[in-house]
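Student: Could you take me through one part of this model closely? Please keep it short and plain.

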Amino acid sequence: MSKLIGNVITSSPTWPTLETFVRQQVQQCVQQVLEEEVEALLGRRKSVRSTDETPVGYRNGHGKPRRLALMNGTITLRRPRVRGLEARFVSRIMPLFKRRTPEVAALLPELYLHGSATAGLETSKAALLVLIGGLADGTKVVLAVESGVRESTESWAMTMRDLTARGLRPPPLTCADGHLGIWGVETRADAELERQAFHRTYGLRYPNACERLDRDGERMITYDAFPKEHWRHLRTTNVVESPFAAVRLRTSAAKRVKKVEHATAIIWRLLLVAESRFRQLNAPALCLAVILGVRYVDGRPAAAPTPALENAAA
């Protein structure tokens with residue numbers, strides 16, 4: 001017989017509780033491995049004071065509970081947090097934003113190929129919300145692939161709330177849907193001249209377009225306040241559109257994808273495969289300056305780098 005106290009089984013399980021027992025044992029084992037990873041990093045056990053011979057840094061509690069999908073079920077873990085290090089601590093066992101093991105991720109296409117997506121048609125269409133983020137080292141990663149009700153504000157809000165709960169910090173800049181008319185200008189003054197020229201040419205024929213340009217013009221030239229080396233990435237949505245060329249090639253031929261959740265799973269997996277081939281951001285060393293809040297005007301720093309930035313870059 002097994003005795004359940006709280007969420008922990010204290011003795012050997014019986015047949016009805018075997019799955020629960022195994023999953024909880026796995027959960028406790030992985031959590032212990034996460035704690036041991038921090039012990040190895042800091043060179044001391046919990047509650048042991050540091051010495052001159054041990055590395056810098058200290059424990060700072062745990063993050064929020066996170067669910068991790070394994071082949072034998074889903075477990076809940078709390079990633080230990082570490083402060084006071086020269087570089088941000090990233091667990092090699094449970095990296096940020098990961099919710100499935102590689103084996104589970106690899107299983108999704110297998111399920112698809114074996115006919116798991118042969119159910120009936122959905123009664124309504126859905127939009128796929130995709131977020132790709134640029135990290136401090138210039139690497140691009142897939143942050144979210146979620147289905148939504150068109151591209152509504154509420155759908156995007158739910159996706160962003162989920163990412164925030166998983167540890168995403170507010171990004172300095174978010175790009176969506178480029179504008180061909182502004183790609184050729186180089187400064188804010190040039191952008192203003194182009195706006196005035198558009199008004200002179202199309203003001204009477206297309207007043208609504210001119211009104212929209214006035215209303216959203218400032219957001220359209222936001223890239224000006226970021227390094228010029230990054231403009232190539234900020235003035236286009238190719239970072240999302242290019243990987244989707246391969247996605248469309250496969251989903252257009254696969255007429256069996258009739259359920260939104262199945263299509264989302266397949267597209268998510270295809271994007272993860274493409275992620276390994278994503279082009280790195282230009283001038284990756286400047287990504288840190290952007291994250292630390294260095295101001296730019298016409299693509300150049302508005303002031304000399306601060307000591308904090310220089311120390312962080314070092």
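Tutor: **A close look at helix 3**

Helix 3 has 13 residues and reaches 18 Å from its first C-alpha to its last, close to the 18 Å expected at 1.5 Å a residue. That expected span is 1.5 Å times one less than the number of residues. Helices (H or I, at least four residues) and strands (E, at least two) are DSSP runs, numbered from the N terminus.

A word on the source. This is a predicted model, in which local features need pLDDT of at least 70, side-chain atom pairs count only at pLDDT 80 or more, and totals for chains, interfaces and linings use all residues. Residues are numbered from 1 along each chain as its sequence is written, and side-chain values use heavy atoms, with hydrogens and water left out.

Now the buried side. S155, T159 and L163 are buried in helix 3. They cover an arc of only 70° around the axis, so they sit on the same side of helix 3. The arc is taken from the directions from the helix axis to the C-beta atoms. Buried means under 20% relative accessible area, exposed over 50%, and partly exposed in between (1.4 Å probe, protein chains only).

What do these buried residues pack against? They pack against strand 7 (127-134) and strand 8 (140-148).

Take T159. It counts as buried because its relative accessibility is 5%. T159 touches L129, L131, A144 and E146, leaving aside residues up to four places away in sequence. Contact means heavy atoms within 4.5 Å.

Turn to the other face. Away from the buried side, helix 3 carries the exposed residues T153 and M158. Just after helix 3, G167 takes a positive phi of about 110°.
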